[in-house]
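Notebook open, model loaded. I want to jot down what I look up as I go, starting with the pocket.

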Amino acid sequence: MADEKPADETAVVEKEEEADPSAVADPQSEEVAEATKAAEQVQAKMNLQALPIRAYLDQTVVPILLDGMSALVKERPPNPVEWLATYLIKNNPQGSSAAAS
């Protein structure tokens, strides 16, 4: 019977531990999610900086540039460089910049 008490106490402790994370999870989980996102962004930036030139351009600039040049050929504006610059700013996959405002 002495063995039963620790088992009961252990069961109660396990139930309390299971209940506590769900009650406190909301504020802490948001902080954890934000910290995880920030860490992933830093890691991604470090990975991009470590890439060779060609790989960096292929992952960051070439896709949007090809899309812009394809649209440019279809549109054929009288001022293609300005048109392409505007296209790139409007369709920036990294979000808007201060220059776009």
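**Pocket.** I began with the lining of the largest pocket, which has 6 nonpolar, 4 polar and 1 charged residues. My classes: Ala, Val, Leu, Ile, Met, Phe, Trp, Tyr, Cys and Pro are nonpolar, Asp, Glu, Lys and Arg are charged, and the others, Gly among them, are polar. The lining comes to 11 residues, and Tyr56, Thr60, Val61, Asn92 and Gln94 lie nearest the centre of the pocket. H1 and helix H2 (53-60) are the elements that give two or more residues to this lining, and H1 gives the most, with 3 residues. The space in the largest pocket is about 190 Å³.

For the record, a pocket here is an open set of points on a 1 Å grid over the protein atoms alone, where a 1.4 Å probe fits, with protein on both sides within 12 Å along at least five of seven lines; lining residues have an atom within 4 Å of a point. Points are joined across faces, edges and corners, and the volume is the space filled by probe spheres set on them.

**Model and confidence.** This is a predicted model, in which local features need pLDDT of at least 70 and side-chain atom pairs count only at pLDDT 80 or more, while totals for chains, interfaces and linings use all residues. Residues are numbered from 1 along each chain as its sequence is written, and side-chain values use heavy atoms, with hydrogens and water left out.

I checked pLDDT (the predictor's confidence in each residue, from 0 to 100). The protein has a mean of 77, and 63% of its residues reach 70 or more. Where pLDDT is low, the predicted coordinates should not be read in detail.

**Fold.** I find 4 helices and 0 strands; helices (H or I, at least four residues) and strands (E, at least two) are DSSP runs, numbered from the N terminus. Of the 101 residues, 7% count as buried (under 20% relative accessible area; exposed is over 50%, partly exposed in between; 1.4 Å probe, protein chains only).

**Valine 61.** I went back to this one from the pocket list. Valine 61 sits in the loop between H2 and H3 and counts as partly exposed because its relative accessibility is 35%. Its C-alpha atom is 9.8 Å from that of asparagine 92, 31 residues apart along the chain.

**Glycine 68.** Is glycine 68 buried or exposed? Buried, with a relative accessible area of 0%. Glycine 68 lies in helix H3 (residues 62-75) and touches Trp83, Leu84 and Tyr87, leaving out residues up to four places away in sequence (contact: heavy atoms within 4.5 Å). The C-alpha atoms of glycine 68 and leucine 84 are 6.2 Å apart.

**Arginine 76.** Last stop. Arginine 76 is in the loop between H3 and helix H4 (80-90), and its relative accessible area of 66% makes it exposed. Arginine 76 has a positive phi of about 50° although it is not a glycine. Most residues other than glycine have a negative phi.
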